[in-house]
Amino acid sequence: MKDKTVIITGGASGIGAAAVRLFAIEGANVVVSDIDTLNGNKLVEEIRAADGIASFFKTDVSIPEEMEALVKFAVDTYGRLDIAVNNAGIGGEQSPIADMSVEGWQKVISVNLNSLFYGLKYQISAMLKNGGGSIVNITSILGAVGFAGSAAYSAAKHGIVGLTQTAALEYSAKNIRINAVGPGFIDTPLLDALSPEMKSQLIAMHPIGRLGKSEEVAELILWLGSEKSSFATGSYYPIDGGYLSK
Ligand code: NAP
């Protein structure tokens with residue numbers, strides 16, 4: 001990963017932060033992007049203290065101009081963009097469809113799906129200029145199946161799979177590979193709002209008998225971002241402790 005530049009959105013916490021650490025250990029120039037300035041900057045300090053290369057750039061992924069500015073920052077700072085991990089996302093409102101607020105629906109679609117279009121649009125433009133790259137979109141097991149109470153989240157995550165496949169059809173011949181990662185439930189701050197009972201129920205849905213760890217997902221992200229996955233494009237990779245096997 002030496003001399004490779006990677007953008008990781010939602011990089012200040014959970015799966016994104018684990019990916020930041022892994023890419024930094026592998027020698028990449030890492031642009032940590034998040035709305036959480038405090039934790040984003042803390043992580044950059046941690047990486048630099050370990051002789052890694054990282055910068056923080058505050059971005060709200062639901063605002064197209066900020067996504068464009070993020071790509072420009074990466075190119076201006078490190079000269080090129082090689083890898084992008086579109087990871088930022090929210091759980092959002094949890095309610096059955098008839099009770100879901102229009103604002104709740106729109107917020108999740110905006111942060112979890114519209115952001116992916118903005119990301120792909122500007123990242124692909126930059127990668128075309130340097131002859132290729134790899135984009136890893138973080139969806140979910142709920143990009144393959146539904147989950148009662150999570151209509152907007154599941155619709156957004158299914159949408160990411162469609163965007164990934166279409167982008168791969170459009171740009172694989174231009175040497176830009178685009179894949180999606182679908183984690184099962186992972187023990188991150190995203191699940192902090194859940195009661196212990198709800199967490200136990202979630203654990204029981206995974207044949208492996210536990211929630212996943214951010215680091216386990218980050219290993220798959222790293223592989224897809226690297227040249228080791230050179231024949232992989234347009235695919236959806238669940239990493240889910242067996243959740244989708246039921
Ligand atoms: P997390 O720990 O909550 O981290 C997400 C990060 O994204 C946080 O730093 C959050 O900031 C930031 N963020 C939220 N809204 C943003 C916005 N509009 N623009 C930029 N950054 C924003 O979540 P995670 O569990 O690591 O999830 C990462 C990705 O994996 C998400 O796409 C999620 O849907 C997906 N995923 C997670 C699980 C799971 O069980 N954890 C399972 C499947 C898929 P704040 O903390 O300030 O909000």
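Colleague: Which residue in E7 is the bridge partner of Gly182?

Modeller: In E7, Gly182 has Pro238 as its bridge partner. This is a predicted model, in which local features need pLDDT of at least 70 and side-chain atom pairs count only at pLDDT 80 or more, while totals for chains, interfaces and linings use all residues. Residues are numbered from 1 along each chain as its sequence is written, and side-chain values use heavy atoms, with hydrogens and water left out.

Colleague: What makes strand E3 and strand E7 stand at the edges?

Modeller: The seven strands form an open sheet in the order E3-E2-E1-E4-E5-E6-E7, with parallel pairing. E3 (53-58) and E7 (236-239) each have a single partner strand, so one side of each is left without a neighbour in the sheet. From one strand to the next, the twist averages 20 degrees.

Colleague: Which helix packs on the sheet and touches E6 and E7?

Modeller: Helix H5 (residues 151-171) does; it also touches strand E5 (133-138), and its direction makes about 160 degrees with that of E6. Helix H7 lies across strand E4 (83-86), E5, E6 and E7, at about 170 degrees to E6. Angles run from 0 to 180 degrees between N-to-C directions, and axes are lines fitted to C-alpha atoms, for helices over the stretch in contact.

Colleague: Why is H1 called oblique to H7?

Modeller: Helix H1 (residues 14-25) and H7 (residues 214-225) pack at about 55 degrees, with their axes 8 Å apart. That makes H1 oblique to H7: angles under 35 degrees count as roughly parallel, over 145 as roughly antiparallel, 65 to 115 as roughly perpendicular and the rest as oblique. Residues in contact (heavy atoms within 4.5 Å) include Leu22 and Phe23 in H1, and Ile221 and Leu222 in H7. The residues of this contact divide into nine nonpolar, two polar and two charged. Here Ala, Val, Leu, Ile, Met, Phe, Trp, Tyr, Cys and Pro count as nonpolar, Asp, Glu, Lys and Arg as charged, and the others, Gly among them, as polar.

Colleague: Why are H1 and H2 called roughly parallel?

Modeller: H1 and helix H2 (residues 37-49) pack at about 20 degrees, with their axes 11 Å apart. H1 and H2 are therefore roughly parallel to each other. Ala17, Val20, Arg21 and Ala24 in H1 meet Leu43, Glu46 and Ile47 in H2. That contact divides into five nonpolar, no polar and two charged residues.

Colleague: What makes H4 roughly parallel to H5?

Modeller: Helix H4 (residues 102-129) packs against H5 at an angle of about 15 degrees, with the axes 8 Å apart. The angle makes H4 roughly parallel to H5. Among the residues that meet are Trp105 and Leu128 in H4, and Ala151 and Tyr171 in H5. The residues of this contact divide into 18 nonpolar, two polar and one charged.

Colleague: Why is the aromatic pair of Phe147 and Phe185 called tilted?

Modeller: The structure holds five aromatic pairs. In this one the rings are 5.6 Å centre to centre, with 55 degrees between the planes. Rings of Phe, Tyr and Trp (its six-membered ring) pair if their centres lie within 6.5 Å; planes under 30 degrees apart count as stacked, over 60 as edge-to-face and the rest as tilted. The pair is therefore tilted. Phe147 is in the loop between E5 and H5, and Phe185, 38 residues apart from it, is in the loop between E6 and helix H6 (196-204).

Notes
Helices (H or I, at least four residues) and strands (E, at least two) are DSSP runs, numbered from the N terminus. Two strands pair if DSSP finds at least two bridges between them.
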